[in-house]
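Colleague: Before I rely on the labels attached to this model, I would like to hear what stands behind each of them. Could you take me through the terms one by one?

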Amino acid sequence: METNELLSISKLSVALQNKTILSDTNLTLCGGEILGLVGPSGCGKTTLLNTVAGFNVISSGKLKLSKGDSIAGDDVLTITASNNVPPEHRNIGMIFQDYALFPHLSVEKNICFGMDKLPKSEQKSSTTKLVNLLKLTHLETRFPHQLSGGQQQRVAIARALAPRPKLLLLDEPFSNIDARLRNELMLEMRQLLKQLNMSAIFVTHNKDEVFTFADKIAVMHEGSILQSGSPAQVCQSPISWQVADFLQLGSWLPVQVQDEYFQSALGDFSSTSTAISNTVNNQANTQTQQLLLKPQAIEYCEDEKIKPNVKVTNIAVTEQGFHYFLSSIERNSPLAFEQLSFYSNTLLDVGQLIAIKIKPHSYQVFSQQ
């Protein structure tokens with residue numbers, strides 16, 4: 001157990017309206033850590049966030065939340081099905097997707113709302129600090145409808161931070177922000193949380209937000225967490241097809257394993273030339289499996305004498321040159337593929353037949369189940 005562990009979730013299950021939404025969910029979060037919770041729609045991300053906040057009741061399992069510097073001491077809340085703790089006693093702040101600002105209250109009064117039990121002088125002092133910290137100076141008397149989306153988000157952050165929570169929860173915090181400002185606001189908010197040494201969990205559908213904003217990532221699927229770790233660790237070593245596919249870590253090349261070779265629509269290549277980082281199912285060599293193929297592992301063969309094996313189906317212009325989608329020429333095969341992602345500085349034509357080959361690398365192979 002980490003000495004500065006702030007949150008520990010063990011074998012958590014939650015049922016809503018007699019339907020199990022979360023099952024056997026496990027997660028830990030340390031002090032000062034920012035966790036990005038990702039996964040497809042309906043996988044249980046928001047339900048998990050609401051359960052941590054106290055809006056949902058646990059069906060089984062355990063949730064431990066520190067009130068001090070770690071959950072190793074006595075100063076800890078242990079929340080179970082038989083021992084619920086209401087939201088107002090968890091010392092957790094939450095920012096909703098639509099910010100949920102009070103439309104009839106000014107910026108200043110929105111921020112003060114969570115500090116109503118403090119003396120007026122302390123409320124004023126804390127509000128002034130937050131207004132300066134979040135660049136809301138001269139906006140204190142405005143109402144939410146008079147603010148831009150970015151300004152409304154800053155007010156929501158200030159209101160959530162005002163009671164000085166131990167943990168901040170954010171549900172799709174950047175979804176309503178103009179794309180031009182999104183990265184700027186993410187970096188600003190990350191710096192703010194680090195400056196305050198505040199832990200946070202945020203839900204998103206956008207994997208790019210996780211890579212920009214989070215220290216740690218947890219990938220959910222059908223009510224459970226499949227994998228968690230640093231974004232770099234999870235991207236380099238996904239443990240399942242679902243993780244790699246959701247994070248769009250590359251394209252999928254159907255393969256069959258025959259002895260020491262992979263058979264594919266791009267030809268046969270050795271499976272022993274480099275390490276295979278995922279166990280290949282050798283019980284049935286005829287079973288089609290999926291090789292995770294990143295664009296940098298694909299080499300364009302300019303030699304016209306080499307027989308073409310793919311067709312260009314789409315072209316886009318990017319900062320990395322031309323981005324192509326390729327399909328296999330052979331269509332009536334279990335190893336055929338529709339969309340292989342490939343970058344090149346060479347200008348090709350839609351419909352053009354070209355030859356590519358796979359560079360030797362640490363192959364990652366998964367069963368699509």
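Modeller: A helix here is a DSSP run of at least four residues and a strand a run of at least two, both numbered from the N terminus. On that basis the protein chain comes to eight helices and 20 strands, and please keep in mind that this is a predicted model.

Colleague: Why is R159 called buried?

Modeller: Buried means under 20% relative accessible area, and R159 has 13% relative accessibility, so R159 counts as buried. This arginine sits in helix 4, which covers residues 149-161, and, leaving aside neighbours within four places in sequence, R159 is in contact with Y99, A100, L101, F102, N110 and I111. Across the protein chain, 48% of the 369 residues count as buried.

Colleague: What makes strand 13 and strand 20 edge strands?

Modeller: They belong to an open sheet of five strands, in the order 13-12-11-14-20 with antiparallel pairing. Strand 13 (269-270) and strand 20 (365-366) each have a single partner strand, so one side of each is left without a neighbour in the sheet.

Colleague: What makes a group of residues a nonpolar core?

Modeller: The members must be buried residues of the nonpolar kinds, joined through side-chain atoms within 4.5 Å. The largest such core has 50 residues, and those with the most contacts inside it are I95, I111, L168, M189 and L247. Helix 4 gives the most to this core, with six residues. A second, separate core of 30 residues includes L35, A53, L65 and I79. In soluble globular proteins, nonpolar side chains tend to be buried together.

Colleague: Which residues does M189 touch, not counting those up to four places away in sequence?

Modeller: M189 touches I95, I157, L168, L170, F174 and F213, where contact means heavy atoms within 4.5 Å. For the protein chain as a whole, residues 24 or more positions apart account for 66% of the contacts with a separation of 6 or more.

Terms used:
Residues are numbered from 1 along each chain as its sequence is written. This is a predicted model: local features need pLDDT of at least 70, side-chain atom pairs count only at pLDDT 80 or more; totals for chains, interfaces and linings use all residues. Side-chain values use heavy atoms; hydrogens and water are left out. Buried means under 20% relative accessible area, exposed over 50%, partly exposed in between (1.4 Å probe, protein chains only). Two strands pair if DSSP finds at least two bridges between them.
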